[in-house]
Amino acid sequence: MANGGPVEHGFPHLATVRAAVTALYRRLSYGTVQQFAVSVPPADVAFCDVDDLHLGAQRVARELVRHYRLPDARMVVAFREMEHAAHVELTAGPEYFIELNDRFRTHRRDIGAALAHEIMHVYLHRLDLSFPGTRDNEILTDTATTYLGAGWLLLDAFREDGVSSQKLGYLTPEEFGYVLAKRSLVFGEDPSAWFTSAQAYTAYARGLERARHDERQPPLTAAGWAGRRRYARDRRHAQQGAEGSGGSSAGSEAPYAFAADPADASGPLRVTFPCPTCHQRIRVPVKGRVRARCGLCRTVLECDT
């Protein structure tokens, strides 16, 4: 939790965020992800200053448990002084004990954001899905919270001006916006109408721009002129390399790579590239216009290889 201190911006954790989206699809399956097509609505997690602190926190926790489809999980919420925003005890259940920072006693509209992250820890714990290391595992939790429909609360908790700041979670505001945009492009849901923070709206706009950039990378047909020209050059070099040494990769900065089919070295050159939806690597033959379907998220991709 950034409380008055500097807030990191940009996309420094993008590789881990993309790996987290892929891991979600692999662990949950396409059908389960589709069950989260509707985000948790603002009315269900609204918290007014006149609400009883503990009863209100329990109510919001129950709504989030219902959203995550955790019917057997009962959340007990308490408040104490701590460095971080919140903490959850991941025991075997059936009760889970969540502690929230005392700051939320007077910043009640952000209680839903803190609970959304902590209850996602419970959800991932039950799935036995985790990343090694605290940092990457927290990024996975933020990403899963956002992609599965509750992370707009975390972005909306971001506020920053010339004298103060607040941000919850490990992702930057722009990375929260990126995952929200990825979700929006899949489910056709615009979360920007729910933001009460002007800074959250700006971060979402930047994240949406980055997410759309993923959809305009070659060999996708939506790629721009510069990307197509670079791709044609790399393809030509790969084909020349394949004639002499069996294959060649594109430059290290390119999202795609060329290689000969390991099962048939004399067959057509193939290109691999990340699915713009789930970021799983897709491999198709280099033979012009190709329609590919991602086996993980079922996105149909129009390619010009």
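Reader: Hi! How many helices and strands does the protein chain have?
Author: Hello! In this predicted model, the protein chain has 10 helices and 11 strands.

Reader: And what share of the residues is buried?
Author: Of the 305 residues in the protein chain, 52% count as buried.

Reader: Where do phenylalanine 11 and tyrosine 178 lie?
Author: Phenylalanine 11 is in the loop between strand 1 and helix 1, while tyrosine 178 is in helix 8, so the pair ties together parts 167 residues apart in sequence.

Reader: Is phenylalanine 11 buried or exposed?
Author: Phenylalanine 11 is buried, at 19% relative accessible area. Tyrosine 178 is buried too, at 1%.

Reader: What about tyrosine 231 and phenylalanine 258, how are their rings arranged?
Author: Those ring centres lie 5.3 Å apart with the planes at 50°, so this pair is tilted. Tyrosine 231 sits in helix 10 and phenylalanine 258 in strand 7, so the pair ties together parts 27 residues apart in sequence.

Reader: Nice! Which residues do ring pairs link into a cluster?
Author: Phe36, Tyr68 and Tyr123.

Reader: Last one: which arginine lies over the face of phenylalanine 36?
Author: That is arginine 69, at 4.8 Å from the ring centre. Our friend phenylalanine 11 has arginine 210 over its face, 4.9 Å from the ring centre.

Note on methods
Residues numbered from 1 in each chain as written. Predicted model: local features only at pLDDT ≥ 70, side-chain atom pairs only at ≥ 80, totals over all residues. Heavy atoms only, no water. Helix = DSSP H or I, 4+ residues; strand = E, 2+ residues; numbered from the N terminus. Buried < 20%, exposed > 50% of the residue type's maximum accessible area, 1.4 Å probe, protein only. Phe/Tyr/Trp six-rings, centres within 6.5 Å; stacked < 30°, edge-to-face > 60°. Lys NZ or Arg CZ within 6 Å of the ring centre and 35° of its normal.
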